[in-house]
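I opened this notebook to keep track of what I looked up, entry by entry. The two chains are taken piece by piece below.

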Amino acid sequence: MDDHRSRDCASGAVDTTFDLVERAKTGDSDALNHLFARYLPSLRRWASGRLPRWTRDLMDTDDLVQETVVRAVKRINRFESRHEGALQAYLRQAVINRIRDEVRRARRSPTPDALDDNAADPGASPLEEAIGAEAMERYEAALERLRPEEREAIVTRVEMDGSYQDVAKALGKPSADAARMAVTRALLRLAQEMSRELA
Amino acid sequence: MSSRNASALLALAESIADGAPVDWDAAEAGASRDEQAVVRQLRVLSSLASLHRSIAADLNVAAPPRRPAASPAIGSWAHLKLIERLGGGAFGDVYRAWDADLERDVALKLLRTDAASENINASRIANEGRLLARVRHANVVCVHGVAVHDERVGLWMELLRGATLEQQLAAHGSFSAREATLVGIDLCGALAAIHAAGLIHRDVKAQNVMREAGGRIVLMDLGTGREADGRGLRAVPELAGTPLYLAPEIFLGAPASARTDLYSLGVLLYHLVTGSFPVRAATMDELEAAHAAGARVRLRDARADLPAGFVRVVDCAIAADPSARFETAGAFEAALVESLGESAAVPAAALPPTPQTAEQRSSPVRIWARGGLIAASIAVLIVVAFVGWPALRRLGSRYASGSGIPAGAVRSIAVLPLANLSGDPAEEYFADGITDELIGTLGRLGGVNVISRTSTMQFKGSPKTVPEIARALNVDAVLEGSVRMLGAAAPGGSAGARRVRVNARLIYAGTDMPLWDRAFEATASDVLTLNDQVAKAIGDAIHARLASSQTARPAQDFDAFDLYLKGRYHWNARTEEGLKRSVQYFQEAIDRRSDFALAYAGLADAYSLLGYYGFVPGPESRARAAAAATRALQLDDTVAEAHGSLAVLHYYRYELDDAEREYRRALELKPGYATAHQWFGYELAQRGRTAEAIEEMRKAIELDPLSVGVNGGYGAVLIYARQFDEAIAQLAKTAQMDPAFARTHTELAKAYLMKGARDRAVEEAQRAAALGVRDVLVHAQIAYVNAAAGRRSDAQRQLREILDRYRQGDTAAAMAAAVAYTALGDRDQAFEWLERARQISDPEVTGVKMDPQFDPLRSDPRYAKLLAAIGMAQ
């Protein structure tokens, strides 16, 4: 029987993200686990919308995300700990890059899809299937042109489905209301960027 | 944009942020022409936001940490907060619970506190958890743990969100053959994993299979599972499993087996496409009677429009005679895969409505005759592309079929350090060890170079892309992946029962495309078999044959092997502490298994290096290394590393022919052994066989392109061969790789001196001096450059320091003094110190034959005598 050991979560909660990243880089497994607990669930969920189905056939989503996060954390040279949202956006970008790699590879694969122009794009993710690859591309491109704080507000609230409290915490905003205003403005800016992209 | 309009747009954005509904048509109609474009994009963002929310709601992943606050707990058990009751049965209740430690939702099966049945149920749930924890497979529910708390037994596992196949059947009607086939393929994988763990599921049915929102098929409820070994297999007292799914022999008293599980799976597929069962009955008596009478409804009769291939597979799976069924889950799966290809090629839509026999239906020729060749082949292509290919693609990844590269396209492979996914840096040694073992195993691939660890380790955690790495290492393919230990070792118990999972991708550098991408899993004690599987998969993909293993392995003793890996991990650090710790680990491994040849080979390597770096006095280290290498070879004559160690020991004793024999044997056993090529090459160069030496060094560089030792060694060999321009180029390249390795600079200085470029030589010598290393031979080389450049007083001061070092017991200083005296033109002293170095068996003495810095001694009669004494008579 597994005698369950309680872990000191309270101490983890007060660790700053900066500390955790620094400790994780030196190989502190507790710190890495805390980072996992903090970011993996939302990243996994998020990735499941971004990953084409066949990718999930090839590789377990959890493994992909976890592996990418392990590598990404180790690769951080100097984490400017403005706020937590920055790390989330960084990790999201790492996962998106990894997904793009996988999709890119698949598109070059010598599978029968090359024979058929009408076949559904093998790289289409659930989100792309839902709103179209072009709109997704437009969205991603416009998102990249936003200011970091705007981008982080959208990633935290819209993509990761965080509460306004989460957004406030991630962006270092004084209140949930302030976070709500930040998300709203960022969304409008994003829509304007997207329509510019279209024009 | 006016402020009124701006605030209208902001209000829309606010609704998106809040997730509030918006009448988009009205919003668009009310907007000005300029704003309409923005409103349309806001609408896109609105759908994106709601899609993200629905993914969050659909998928079985832990909610963000705010979840427990939002959902008040209805109770708690151990570290879990009970959020809602999902259901229950006679034995207990199932809850959705919040795991505060790992911040995720879990499903908790909690035993009812019923004193009368406590023992049975407690053991039943614990048994379920224990059995399930042994199985890790994407299509089997993942059990997190079992514990007793407050006298209640609880089993917590991943929370699945979706519908069971039975619910789906009820909600949407019968499955298509293709859908059922894909479900069947996944479940064959699940059963293969269960059977491989020595278990039998015994209750495969539509109610026990969940299809998650993302489409993942998960086999649940192994509660009735029993271990397949041992007694008590007889299915009494209970007829575990739902009777309609049970194989006929169970009713005759036969034990449940892997084949009865496969029978149940066959019934499940039958059920999915028909909603019915092959053998039907209302009571147990009727059921037994129906089986006894062989009364069954054939699948074809239950549903006429099914593809023949599918019907054939299901009929085979549910044959009354067990020997007529599939023997293994793998065989079942292969048949399903094959049927998928057939059914894809014969789409139901392309069939004419007239009745046909199954044989006619499965014949493509018939289709061509009826529909016209061109139309039919287009239909086939489209169907394969649309329907067949996702399945084929996945299967391609499983079976590495059709890798799509010609034989011979891959002649070299780099195995990048497998990432340690345990989350515990203390297990880094294990991932590294598995990487090393894999590199070793791949050495058995015929005609394929496998890059050595020193070169590949430099890419650990590297942000470089695969093509960049492939270019740096000059390889055709790269293997990358991760290692994860599943489950925890029992306290004080063996880690051998834990499971190891290796996820690996073999990527062809030419196209940056994976040839395959697979997960390999085995118990830890079987980890070497797992390595063989990975190696075999690589061999298949690149059309290379994997020679069978010659090296005897520790018989199933994972703990000894684990100690060996720890030893190698520390050995690779090449530091004094690392080498000494490696000695301890190798020794512990030997204490566990006194017949563990590899551990003796490791011990020999460790003592060799301890002596080489001067951390242990030469004679002592050599004696210990010799004893360990000899013992390793007594136990197993095929351990290449032990032959390599022995070669070095012969070389120390100036038994150069014996050394050569051992090197050749080591390389015959392990052609990809870069270090042996390197040492052998160096020895050949010292003996004057420079052409052979260069060939060996080039091979070493091919295998270990980024090793400073190998590259610098090649530079030294080129100096012996008096190819000074080439030596300078090679050594300059080596210095760039690692400017902090002093010997590269002194060798470079020597090469410059030979070319007459004194200033450059002094510059390099100063670089070496600035590094402040203890290596006395580096000091000797600096003295040599100073003397040759006319800075005699510097050289003399350095000579005095070298002599002090000798008096302090540094035996390597004898050879260093000989070098310095030679440089200063004192032949008598030079010969005297060479003789001292020879007497203490300093192998560096063998350099006198070819090293140009000893040219001034060659005309002296004492020179020939010295060469004869070290086995190098001219």
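Entry 1, a hairpin. I started at the hairpin of β16(B) and β17(B), where 4 residues lie between the strands and B:D512 has a positive phi near 55°. I am reading a predicted model, in which local features need pLDDT of at least 70, side-chain atom pairs count only at pLDDT 80 or more, and totals for chains, interfaces and linings use all residues, with side-chain values taken from heavy atoms, hydrogens and water being left out. Residues are numbered from 1 along each chain as its sequence is written, while chains are lettered from A and ligands numbered from 1 in the order in which they are written.

I noted how the elements are named: helices (H or I, at least four residues) and strands (E, at least two) are DSSP runs, numbered from the N terminus. Two strands pair if DSSP finds at least two bridges between them. Strand β17 of chain B covers residues 513-523 and is joined to β16(B) by 10 bridges, the two running antiparallel. I found B:T523 of β17(B) as the bridge partner of B:R499.

Entry 2, cover on β16(B). I asked how many of the 10 residues of β16(B) are buried. The count is 10 of 10, so the strand is mostly covered, where buried means under 20% relative accessible area, exposed over 50%, and partly exposed in between (1.4 Å probe, protein chains only). In a regular strand, side chains alternate between the two faces of the sheet. I listed B:R499, B:R501, B:N503, B:R505 and B:I507 on one side of β16(B), and B:V500, B:V502, B:A504, B:L506 and B:Y508 on the other; all are buried.

I moved to strand β15 of chain B, residues 477-486, where 9 of the 10 residues are buried. Strand β16, residues 499-508, runs antiparallel to β15(B) and is joined to it by 10 bridges. Within this pairing I noted B:M485 opposite B:V500, and B:E480 with B:R505 as its bridge partner in β16(B).

Which strands run parallel to β15(B)? One is β12 of chain B, residues 412-415, joined to β15(B) by 3 bridges. In β15(B), B:L479 stands opposite B:V415. Another is β13 of chain B, residues 419-420, which pairs with β15(B) in the parallel sense over 2 bridges. Here B:N420 stands opposite B:V483 of β15(B).

I looked up an open sheet in chain B with the order β7-β9-β10 and antiparallel pairing. Its edge strands are β7 (162-164) and β10 (217-219), each pairing on one side only. Neighbouring strands of this sheet are turned by 25° against each other on average, direction ignored. Strand β9, residues 209-212, is joined to β10(B) by 3 bridges, and B:V209 has B:L219 as its bridge partner. Helix α7 of chain B, residues 177-196, lies across β9 and β10, at about 40° to β10(B). For such angles, axes are lines fitted to C-alpha atoms, for helices over the stretch in contact, and the angles run from 0 to 180 degrees between N-to-C directions.

Two packed helices are described by the angle between their axes and the distance between the axes. I took α9 (residues 148-159) and α10 (residues 164-171) of chain A, whose axes come within 9 Å and cross at roughly 145°. Contact means heavy atoms within 4.5 Å. On α9(A) the contact is made by A:E149, A:E152, A:A153, A:T156 and A:R157, and on α10(A) by A:Y164, A:D166, A:V167, A:A170 and A:L171. By class I have 5 nonpolar, 1 polar and 4 charged residues in this contact. Ala, Val, Leu, Ile, Met, Phe, Trp, Tyr, Cys and Pro count as nonpolar, Asp, Glu, Lys and Arg as charged, and the others, Gly among them, as polar.

Chain A has 11 helices and 0 strands, and 56% of its 199 residues count as buried. Chain B has 37 helices and 17 strands, and 55% of its 874 residues are buried.
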